[in-house]
Amino acid sequence: MEAGNHTRVSEFFLRGLSDDPELQPLLFGLFLFMYLVTVLGNLLIILAILSDSNLHTPMYFFLSNLSSVDICFISTTVPKMLVNIQAQSKDISYPGCLTQLYFFMIFAGMDGFLLTVMAYDRFVAICHPLHYTVIMNPRLCGLLVLVCWLIIFWVSLINVLLVRRLTFCTGTEIPHFFCEMVQILQVACSDTRINNIFLYVSTAILGVFPLTGIFFSYSLIVSSLMRMSSAAGKYKAFSTCGSHLSVVSLYYGASLGLYLSPAGIHSSQRIPIASVMYTVVTPMLNPFIYSLRNKDVKGALRRLHSRGALCP
């Protein structure tokens with residue numbers, strides 16, 4: 001390939017989920033529906049928490065942050081895909097691709113960090129109930145969220161700056177429905193060794209370490225529950241963790257399997273499917289998981305609905 005083709009490209013082409021023209025209306029309707037359900041569901045959770053003083057606790061403070069991040073998370077990928085399907089186009093500008101990559105990494109990482117902070121919150125609530133309000137004070141809760149944002153901001157920024165140093169061939173196609181780091185590195189025309197090394201470091205910071213923290217928190221929770229003599233007490237204590245564990249399983253089940261596997265064994269079919277699971281399905285299901293399994297949230301949603309029905 002001639003050197004002239006290795007330029008600073010102005011756009012990429014996103015392959016999407018399918019090239020079949022007959023499937024495009026179905027994909028458009030399906031993803032539009034999932035996007036609207038995700039946004040509305042998470043907005044309801046946020047409004048319920050803000051409007052109910054009974055939910056002004058650390059656990060629901062973190063949940064409202066998770067819902068906000070989930071709205072932003074799905075908004076980095078799905079709207080662009082819907083626009084491309086509607087316009088029958090596959091292009092995304094080079095600056096648009098880097099912007100999408102940057103915010104995708106931020107919100108994906110923040111999801112993982114918030115799930116870890118929520119696991120720590122459950123650990124304090126179950127293992128140190130008498131000191132819970134003292135330990136999980138508003139200042140600490142705000143500081144935990146701020147530190148998470150700062151870490152993710154710098155990790156994502158460094159990744160994007162490293163991508164900017166790469167060159168790409170004209171007409172480069174990304175085998176995905178959004179600009180995803182692994183796929184971008186695979187289609188680069190220049191050396192990506194530094195990028196790959198920092199990508200694995202980023203995966204450890206944003207994925208492995210938070211998941212380790214979740215496992216450690218729950219190991220201490222299980223150890224504490226084993227020392228309880230009352231079966232009813234054990235069930236009541238652990239039932240508060242059910243929703244969180246469900247979301248953790250959904251999110252990490254797909255994302256870690258995708259990012260920790262070597263780049264060479266990624267198949268073009270498996271990548272988009274796994275990505276849909278944690279970029280679209282998990283943010284969509286989070287409101288249902290937390291509302292259906294949580295009496296406090298269900299009560300707050302009923303009261304919110306009642307107030308809305310009373311308003312003219």
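**Close-up views: cysteines and pockets**

View 1. Cys241 is buried, at a relative accessible area of 0%; buried means under 20%, exposed over 50% and partly exposed in between (1.4 Å probe, protein chains only). The model is predicted: local features need pLDDT of at least 70, side-chain atom pairs count only at pLDDT 80 or more, and totals for chains, interfaces and linings use all residues. Residues are numbered from 1 along each chain as its sequence is written, and side-chain values use heavy atoms, with hydrogens and water left out.

**View 2. The disulfide of Cys97 and Cys179.** The two sulfur atoms are 2.1 Å apart. The S-S torsion is about -125°, so this disulfide is left-handed. Cys97 sits in helix 4, and Cys179 in the loop between strand 5 (173-174) and helix 7 (181-187). These distant parts of the chain are 82 residues apart. Helices (H or I, at least four residues) and strands (E, at least two) are DSSP runs, numbered from the N terminus. Cys97 is buried at 0% relative accessibility; Cys179 is buried at 0% too.

**View 3. The disulfide of Cys169 and Cys189.** Here the sulfur atoms lie 2.1 Å apart. The torsion about the S-S bond is about -135°, so the disulfide is left-handed. Cys169 belongs to strand 4 (residues 168-169) and Cys189 to the loop between helix 7 and helix 8 (193-226), so the bond ties together parts 20 residues apart in sequence. Cys169 is buried at 14%, whereas Cys189 is partly exposed at 26%. The protein has two disulfides. Counting bonded cysteines along the chain, their pattern is 1-3, 2-4.

**View 4. The largest pocket.** Its volume is about 520 Å³. Of its 16 lining residues, Tyr60, Ser239, Thr240, Asn294 and Asp296 are closest to the centre. A pocket is an open set of points on a 1 Å grid over the protein atoms alone, where a 1.4 Å probe fits, with protein on both sides within 12 Å along at least five of seven lines; lining residues have an atom within 4 Å of a point. The volume is the space filled by probe spheres set on the points, which are joined across faces, edges and corners. Helix 2 (58-75), helix 4 (94-127), helix 9 (231-239) and helix 12 (295-310) each supply at least two lining residues.

Key
A disulfide is a pair of cysteine sulfur atoms within 2.5 Å.
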